[in-house]
Amino acid sequence: MSILLAACATPTTQKPHAPVVQAPVPEPVRDISHAVAGPATPGDDNANIWDQLRGSFAMADCDADPGIMEWARRYTQNPQQFESQMGTIAPRLAYVQQIAAKHDVAGEFALLPWIESQYRPVSGGKNMPSGMWQIMLSTASAMGIRVDRNFDGRMDVPAATDAIMSMLSRYHDDLGDWRLVDYAYNAGEFGVRRMVDQHGVPAAEPVVPKLPVKRVTREHLVKLLAIACVIREPARFNVSLPLLPSEQRLVAVNVNSSMPIEHAASHAGMSSSELKELNAGFRNGMVDTSAASYLLIPSNRVQQFRSSLIADNESGGDVQSVPGAAVLPPLAAVLNGATDDRSEASAPASKAKRTSLSAKTHTVKSGESLWSIARLYSVDIKQLEQWNHLQGPGVKPGQVLKVTSPG
């Protein structure tokens, strides 16, 4: 009996938990409701971002590969922490999902920033990837994303997301398999294309293609399928996905004049740190409209921001050229044809379109690609290939390309 009592009094040695793979929970951009999503309401886009996301998935489910379940369990090892993270990232995720839909990109890729950065505007420093998509400087240049001392488009949600989704769509046009698109995102398009040329298009099984890629590339796809798995079947992992109230959705608002970020935050009734977090592309504390003529703001702050700008202009305040500063509707309205305004994501390219479409030809410079030229002139890469009778995306310095329709 004394031995038994001694054994009961001895603390149980717990097995160490598997390492938590999530980054520390980022500071919330704003408060998020953590109500459990209920049944879908027909036509209610705001309350059912998770249903929309599931409906856009195009790749394998949870049980397609043991690695998927392994990573899904790691992500949800701490259900409370996972739910908190989902609440924090929901506004950005919903915004990314809409742009993915605009480009006909599989819904799983709206979850890529989870793998890359937890949707945080990570500044990687010199010669390091930056932004929630973790884009290298050389890649940004090839994609036509502006990066200079005043603005880093890699950190800008609308600019970077639109460029990435356009690129992923083109990858799928070329490779024809969303799994290979993810490999190309991680390892490079041309390397994956060479492998496909050598080994052929992978079969549907196994789900994780056994091409000779690095382990990190194969694991990247598994991680993406794993987070999609949790979104597919949250109850399987004892987690509840939070609602995203309509007032917390992100909207891009036109801004016609540059101003300090502190002034813009004051107009919106937000702290400067909150607004900066959402618009991290602007450097030096200034909203620079020569780089991007919009600000990303929660929808419940839009009317206050617009009214305050107009009032400030009428009283002779800091902001100039405010009349006509229209509020862009949520991207969903644009996609449904409810407005003729440009979408949030097209803003970074609109200026190049206005100033460049008058040119009939473009001489390829060193370091340029057909993709970056297409971005510069806001045209489809397939159009450039057709107009110039190209057999593929390869171009050479000095080559003269038609950048508008010959007709």
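**Backbone entries**

I began with Gln-134, which is partly exposed because its relative accessible area is 23%; buried means under 20% relative accessible area, exposed over 50%, and partly exposed in between, with a 1.4 Å probe and protein chains only. I noted that this is a predicted model, in which local features need pLDDT of at least 70 and side-chain atom pairs count only at pLDDT 80 or more, while totals for chains, interfaces and linings use all residues. I also noted that residues are numbered from 1 along each chain as its sequence is written, and that side-chain values use heavy atoms, with hydrogens and water left out.

I looked up the backbone of Gln-134 and found a positive phi of about 55°, although the residue is not a glycine. Gln-134 sits in the loop between H5 and H6; helices (H or I, at least four residues) and strands (E, at least two) are DSSP runs, numbered from the N terminus.

I then turned to Gln-118, which is likewise found in the loop between H5 and H6 and has a positive phi of about 60° without being a glycine. Gln-118 has a relative accessible area of 6%, so it is buried.

I checked the peptide bonds as well, and the one from Glu-205 to Pro-206 is cis, with omega near 0°. Pro-206 has its place in the loop between helix H9 (189-199) and helix H10 (215-232). I logged these entries because most residues other than glycine have a negative phi, and most peptide bonds are trans.

**Aromatic entries**

How many aromatic pairs does the structure hold? I found five, where rings of Phe, Tyr and Trp (its six-membered ring) pair if their centres lie within 6.5 Å, and planes under 30 degrees apart count as stacked, over 60 as edge-to-face and the rest as tilted. One of them is Tyr-75 with Trp-114, which is edge-to-face because the planes stand at 85°, the ring centres being 5.7 Å apart. This pair links distant parts of the chain, with Tyr-75 in helix H3 (residues 66-75) and Trp-114 in helix H5 (residues 112-116), 39 residues apart. Both Tyr-75 and Trp-114 are buried.

Arg-74 lies over the face of Trp-71, at 4.7 Å from the ring centre; a charge sits over a ring if NZ of Lys or CZ of Arg is within 6 Å of the ring centre and within 35 degrees of the ring normal.

**Salt-bridge entries**

I recorded 17 salt bridges in the structure, each being a side-chain nitrogen of Lys or Arg within 4 Å of a carboxyl oxygen of Asp or Glu.

Which residues form a salt bridge with Asp-152? I found Arg-154, with the closest N and O atoms 3.0 Å apart, and Arg-283, also with the closest N and O atoms 3.0 Å apart. The pair with Arg-283 links distant parts of the chain, 131 residues apart: Arg-283 is in the loop between helix H12 (272-278) and strand S3 (286-287), and Asp-152 is in the loop between helix H6 (137-143) and helix H7 (157-175). Asp-152 is buried because its relative accessible area is 2%, whereas Arg-283, at 31%, is partly exposed.
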